[in-house]
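Me: I have a structure open and would like to learn how to read it, one feature at a time. Can we go through it together?

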Amino acid sequence: MSTVVQAPTPLRSHRPTLTLPAPPVSVADLDATALEDARVEVLDGLCVTRPWPTPLRARVTDRLRALLAQAATSGAQVFTGVQVELSPRCLLVPDVVVVAVGDPDRRRITETPFGVVEVADASTRRYDRTLKLDVYREHGVPVCWLVDPDSATIEAFELVGRDYVPAGIVCGDEELSVLRPFPVTVTPAELIDPPDD
């Protein structure tokens, strides 16, 4: 049995529908639908359809990917739109993911990433901060950043033992300097401000 979900889209006149398997859903069930939409995640057997990114969220995600890719050490690659299969019933799509060097055209990884970044907006903020952060922690993702463009903040967490501990929280023009997943310095305002053209 399948469930039809109305997917949010930036164009109000065009609202595509997605046909998803009825829960509980496995990653294999989702694959069997031949769905090519990277906004669909599976969390403990439930399908979650993330909204299309707002222009601000898309700009911040693109800038973060470029900044992290430039800082990445030789053993790491930085991607957006990559599915992370954490278990047979858990498939998440971080906004930015740092993984080991491998196939440059990855669509899905099954190994634990070096780090993930979630860029929030009004519709994803609670989901990113609670459920996804908890799943990343449970599956041993060493570094997780939560970026909130609306408040111009970045919260960086590092896994110590079985818990995430804050590695830094910055706002506006403050600089976040971290060593994991590799040394990098980020300023929220520079990710958010429009270009100077």
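Me: Is Tyr164 buried or exposed?

Reply: This is a predicted model, and every value here is computed from it. Tyr164 has 13% relative accessibility, and the limit for buried is under 20%, so Tyr164 counts as buried.

Me: Which residue forms an aromatic pair with Tyr164, and how is the pair arranged?

Reply: A pair of aromatic rings is described by two quantities, the distance of the centres and the angle of the planes. The structure holds one aromatic pair. Phe157 is the partner of Tyr164, at 6.3 Å centre to centre and with 50° between the planes. Stacked requires under 30 degrees and edge-to-face over 60, so this pair is tilted. Phe157 is also buried, because its relative accessibility is 11%.

Me: How many helices and strands does the protein chain have?

Reply: The protein chain has four helices and 15 strands. Five of the strands form an open sheet with mixed pairing, in the order S4-S3-S7-S6-S9.

Me: Which strands are the edge strands of that sheet?

Reply: An edge strand pairs on one side only, and here that applies to S4 (46–49) and S9 (108–109). Further in, S3 (residues 40–43) and S7 (residues 90–92) run antiparallel and are joined by two bridges.

Me: Where does Asp44 lie, and what is its phi?

Reply: Most residues other than glycine have a negative phi, and most peptide bonds are trans. Asp44 sits in the loop between S3 and S4. Its relative accessible area is 57%, so Asp44 is exposed.

Me: Which loop holds Ala152, and is Ala152 buried or exposed?

Reply: Ala152 is in the loop between S11 (143–148) and S12 (153–160). Its phi is positive too, about 50°, although Ala152 is not a glycine. Ala152 is buried, because its relative accessible area is 18%.

Me: Where is Pro181, and what is the peptide bond from Arg180 to Pro181?

Reply: That bond is cis, with omega near 5°. Pro181 belongs to the loop between S14 (176–178) and S15 (184–186).

Me: How many disulfides does a search of the whole structure find?

Reply: The search finds zero disulfides. Cys47 is partly exposed, because its relative accessibility is 26%. Cys171 is likewise partly exposed, at a relative accessible area of 36%.

Me: What is the mean pLDDT, and where is the pLDDT below 50?

Reply: The mean pLDDT of the protein chain is 86, and 86% of its residues reach 70 or more. Residues 1–13 have a pLDDT below 50, and this stretch has 35 contacts in the model beyond near neighbours in sequence. Where pLDDT is low, the predicted coordinates should not be read in detail.

How values were computed: Residues are numbered from 1 along each chain as its sequence is written. This is a predicted model: local features need pLDDT of at least 70, side-chain atom pairs count only at pLDDT 80 or more; totals for chains, interfaces and linings use all residues. Side-chain values use heavy atoms; hydrogens and water are left out. Rings of Phe, Tyr and Trp (its six-membered ring) pair if their centres lie within 6.5 Å; planes under 30 degrees apart count as stacked, over 60 as edge-to-face and the rest as tilted. Buried means under 20% relative accessible area, exposed over 50%, partly exposed in between (1.4 Å probe, protein chains only). Two strands pair if DSSP finds at least two bridges between them. A disulfide is a pair of cysteine sulfur atoms within 2.5 Å. pLDDT is the predictor's confidence in each residue, from 0 to 100. Contact means heavy atoms within 4.5 Å.
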